[in-house]
Structure formats: C-alpha cells, structure tokens
Amino acid sequence: MRKFYKDYLGFQELSEDKTLVRLSGCLELIEESEFEEDLIELFDFEGIENETIAIAGLRTVIKSIISRDREFKKIDLKSHISNVTCIQTIDGNTVRLRFNDASDIGMTFVDAQTVYSAKREYFEGFYKMDKFANFCISEGHFGLLQENIEYLNKKYEDSDSHIKNFRLLQDKEGEYYVRAITSTSQYYDYNIRFSLFVTIVALYHTIKNTGYHFEISRCEYSESFIRVYFQKDNASNIPNIGKLSFVLEMSNDEIKREAFKFSGLFTLQTEDGKNQMNIFLKPKRIETKLISIRHNFLPSTVIEQLEGLSRFIEEAEKEMKRDIIELNNVKNPDHLRFFLLRKIESSQNKELSQFKPKIKETLDVKIHKINELLILMGKIDEIVTDLEVKEYLRYLFYEILRDKKERN
C-alpha cells in the first residue's frame, strides 16, 4: 500500500516554537550527504557552527522533515533501458517495472511501482510510446505492449544514450517505487534536507548583515518536495486593506529538474470585523531576478548564488509592494470578485475541479470593499486542501489584483 504523505505546518503551530537553533545542530540535515564535507568547507562552517539563528518555527520544521524523511529510503539506480521491463499494469496511471540488473544496490532484480510522472517518463522518454502504451493498457492489449518493449530493448541495448538514473523510494515494508528518471551526467542530488540546510546558513548570513528578522509562517512538504515560507518582520499597514508582509519562499522539488529556488510573495492580513484572514499572493513574473539553483550546478556555484539572497529580498519586496499599495485606487471591487469567479469557472486545472462548487458558492455574494474581496480569497484558500491547487490560487489571486486597472 502506498504511504506517501503531504504534510502542512501552519502559523499557529510554528509561532509557538521560539527555540534558538544552533547551527551545529543543523548538520543533522546533511548527515551522510555526499556534499557534507563540501558544504562545511565552502560555508567555512567551523567558524560559525556555535552561532545561533532565531527564526520562529525553524526547530519544528527541521525535526518534522528529518522524522518524515526517515520513512523512505531514497535510492538512485543506474540502468540501461534494455534491462527494464514492464511486468504489470496496476491502474490507468500506474505500472510496475522490473529492473533486471540491480547489482548496484546489491540485488539481482527489483520490482518498482511508478508514481508521479514516472510512468509517462518511462514510455515517452525512451521509445516515444506513451499514447500507444495508454491505448494498450486501456484496451486490454498488455501482451502487445510487452512485445513492443522487448523488441525495442533488443534494438537499443548497445545505445549509450539509453542509460538513465532511476530515482527509487523504498518504504518500511520493503516496497519500491519509481518517482523520477534523470540523466546520469551533470546531475547533483540537491534534496530536501540539503536545500533546507543551505537556506538556514544563507539566512543566518542575511540576518547578520541586514538586521532582518524572520519567522516561518507556513511549511508544506512531502517525501519529494518542500516549500517553506519565511515571513519578514516590519509589516506595512495599508489603510483599508490590511497588514502586508514580505515572504521569502524556498521551494525544492526532487522529482523535477529545476532543483530548488527562492521566490518572493506577500502575506496580506485583513479583517472585516468578523473574520481575519491571511492571504498568500504570488506573482508569476517579477523584474527582480529569482535565485534558481539547478541540479547541474556545482556546490561552489550554489553558494555563490546564495550570496545574493539579501539583495534579492530587498529588490523583490520593493517591486511587489508597489502593486499592492495601488489597491486603494480600486473603484469597484465587485468587478474583481466577478472576474475571479469567471477565472475559476473557466480554469482547466484538473485538481481544482473538485473544489469548484464550494468556491463558486463562496464567491456568489456582492461586495463593496477591497478587503471584502481579500476575505473571500482567504475563504477560498481554506476550502482548498490540495497543496498544488493552493499554489495555483496564489498566482491567480495576484493576477486578479495586479490587473485591477484594466478591470476598473
């Protein structure tokens, strides 16, 4: 049985954790990492290991990530495609693969179930046969599919370009899962624990050099991705709207190729006398260059990128704040409410579909003030439980507010 998780740590739980975190204690995040020695040297860590960092919620996040990460063993298996066969269909989106040579991990063979997009990557990435595979599976022609795979495996068994790195998960019951297929060259495993460690050290230097203070307002993570929201102090009070706080988002998705990155967004706290809401607003594009760290970067390049973190925070906050302050110029907030409703109704986001009826019911009310629109946005965020849909909504909310001039 698949036991993957998607966990969420909210502001209430995190704000209660005021523990000072000693940097030396963060080394647990990179224990047994192939980059441990490199990071200690590149960060000159011995000179700061006894220093502390004060970020509310940080200790809770570190403990939660490490505890959850131990539920799965992460394995990279290098294999030629000719040594991989499809032995079973589980459902329309899942198949079981057999790795006939698993000597790299001390086994004769390994059977692993595909998760996330691994099924498509397997069929389409090598033999461009995803549509054919789906047809065979849905129409009961699995034997025909296996015959084609066997034929192609023999044809390409001497091709060096068909050697890939299969990223596996093993649960505590010993079951294996294929979560991604990546290149065997120029690929560095910058995983969740790695990204959290380097973020902590980078923020330590940023706080020391700028005097900024941060608290973690939210953390969302699974066995393969993480998003941590570091909310900066000194919120701006915008009349008739609410308190605006800049948030630095660190995200890392192990099953994608971008490695991890830093983005800027805002938390807008507003109230209407009855309700108080915290709304996350995130632009798709800003002029300020984002910090994005790819899997082919050397560790030294990672550290160089992180040296620009304080400058990124300063420039991104200034740029994004201008848009939000202009909300006071909105003459007819109900137009924006209607536009948001239409955007959600016409959205092609499949995961959003299950939440649409409740969202449309929530938005079916006339409003007169901009903060009433923000309250509705907060209620929509509470309705949605899927983390990817929440991320989609953050972009959508910002787009609605950014385009206010064209809508009024």
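In the predicted model, Arg-193 is classed as buried, because its relative accessibility of 12% falls under the 20% limit. The residue belongs to helix α7, which comprises residues 192-210. A polar atom of the Arg-193 side chain is placed 3.1 Å from the backbone oxygen of Leu-29. Beyond its neighbours within four places in sequence, Arg-193 is in contact with Glu-28, Leu-29 and Ile-30, as well as with Ile-65, Ile-66 and Asp-69. The backbone nitrogen of Arg-193 also takes part in an interaction at the start of α7, where a side-chain oxygen of Asn-191 comes to within 3.3 Å of this nitrogen.

Helix α7 is itself largely enclosed by the rest of the structure, since 15 of its 19 residues are buried.

A nonpolar patch on the surface is formed by Phe-132, Phe-135 and Leu-144, which together present about 250 Å² of accessible area. Of these residues, Phe-132 lies in helix α5, spanning residues 130-139. Phe-132 counts as partly exposed because its relative accessibility is 31%, a value between the limits of 20% and 50%. Arg-193, by contrast, is buried at 12%.

Definitions and conventions. Residues numbered from 1 in each chain as written. Predicted model: local features only at pLDDT ≥ 70, side-chain atom pairs only at ≥ 80, totals over all residues. Heavy atoms only, no water. Helix = DSSP H or I, 4+ residues; strand = E, 2+ residues; numbered from the N terminus. Buried < 20%, exposed > 50% of the residue type's maximum accessible area, 1.4 Å probe, protein only. Polar contact = N/O pair within 3.5 Å; in protein donor to acceptor, adjacent residues only side chain to side chain. Contact = heavy atoms within 4.5 Å. Patch = residues over 30% accessible without salt bridge, like charges linked within 9 Å, V, L, I, M, F, W, Y side chains within 5 Å. Areas by Shrake-Rupley, 256 points an atom, 1.4 Å probe, with all protein chains shown as cover. Salt bridge = Lys/Arg side-chain N within 4 Å of Asp/Glu carboxyl O.
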